[in-house]
Amino acid sequence: MTGRRVSCGVGTERRNFSLVQHAVVRGASKALCGETIQLVVIGDWQVPFMPSVASACEECVRLLAGRSES
Ligand SMILES: [Zn+2]
């Protein structure tokens, strides 16, 4: 585990009839890719972003991978 906290947010627009999951850094109001999102919160728990899910935003996955390398 790294100390990096990246939560999951869903896009406000649907693509291919499903919600796209974006990566959101704690405290940010937009996804890594710049898309406006709504945070996914279940109770007090912010759902973590998982790049492996089919509905994950490709741009966010790419940006997240780039961040972790530097
Ligand atoms: Zn995204």
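Colleague: Which residues does Leu-63 touch, once those up to four places away in sequence are not counted?

Modeller: In this predicted model, Leu-63 touches Leu-32 and Cys-33 when residues up to four places away in sequence are left out.

Colleague: Why is Leu-63 called partly exposed?

Modeller: There are 17 other C-beta atoms within 10 Å of Leu-63, whereas a buried residue needs 20 or more and an exposed one has 12 or fewer. Leu-63 is therefore called partly exposed, because its count of 17 falls in between.

Colleague: What makes Val-6 buried?

Modeller: Val-6, which lies in strand E1, has 23 other C-beta atoms within 10 Å. The cut-off for a buried residue is 20 or more, so with 23 Val-6 counts as buried. Leaving aside neighbours within four places in sequence, Val-6 is in contact with Ala-23, Val-24, Val-25, Pro-48, Phe-49 and Leu-64.

Colleague: And why does Glu-13 count as exposed?

Modeller: Glu-13 also lies in strand E1, but it has 9 C-beta neighbours inside 10 Å. A residue with 12 or fewer is exposed, so Glu-13, with 9, counts as exposed. Its C-alpha is 9.2 Å from that of Thr-36, a residue 23 positions away in sequence.

Colleague: Which members of the largest nonpolar core touch the most other members?

Modeller: That core has 13 residues, of which Ala-23, Val-24, Ala-31, Phe-49, Cys-57 and Cys-60 touch the most other members. Strand E1 (6-15), strand E2 (18-25) and helix H1 (58-69) each supply at least two residues of this core. In soluble globular proteins, nonpolar side chains tend to be buried together.

Colleague: What is Ala-31 in contact with, leaving aside its neighbours within four places in sequence?

Modeller: Ala-31 is in contact with Gly-9, His-22, Ala-23, Val-24, Ile-37, Cys-57 and Cys-60, with those sequence neighbours left aside.

Colleague: How many helices and strands does the protein chain have, and what pattern do they follow?

Modeller: The protein chain has one helix and five strands, and the pattern read along the sequence is β-β-β-β-β-α. Of the 70 residues in the chain, 24% are buried. Among contacts with a separation of 6 or more, 57% are accounted for by residues 24 or more positions apart.

Key:
Residues numbered from 1 in each chain as written. Predicted model: local features only at pLDDT ≥ 70, side-chain atom pairs only at ≥ 80, totals over all residues. Helix = DSSP H or I, 4+ residues; strand = E, 2+ residues; numbered from the N terminus. Contact = placed C-beta atoms within 7 Å. Core = buried A, V, L, I, M, F, W, Y, C linked by C-beta atoms within 7 Å.
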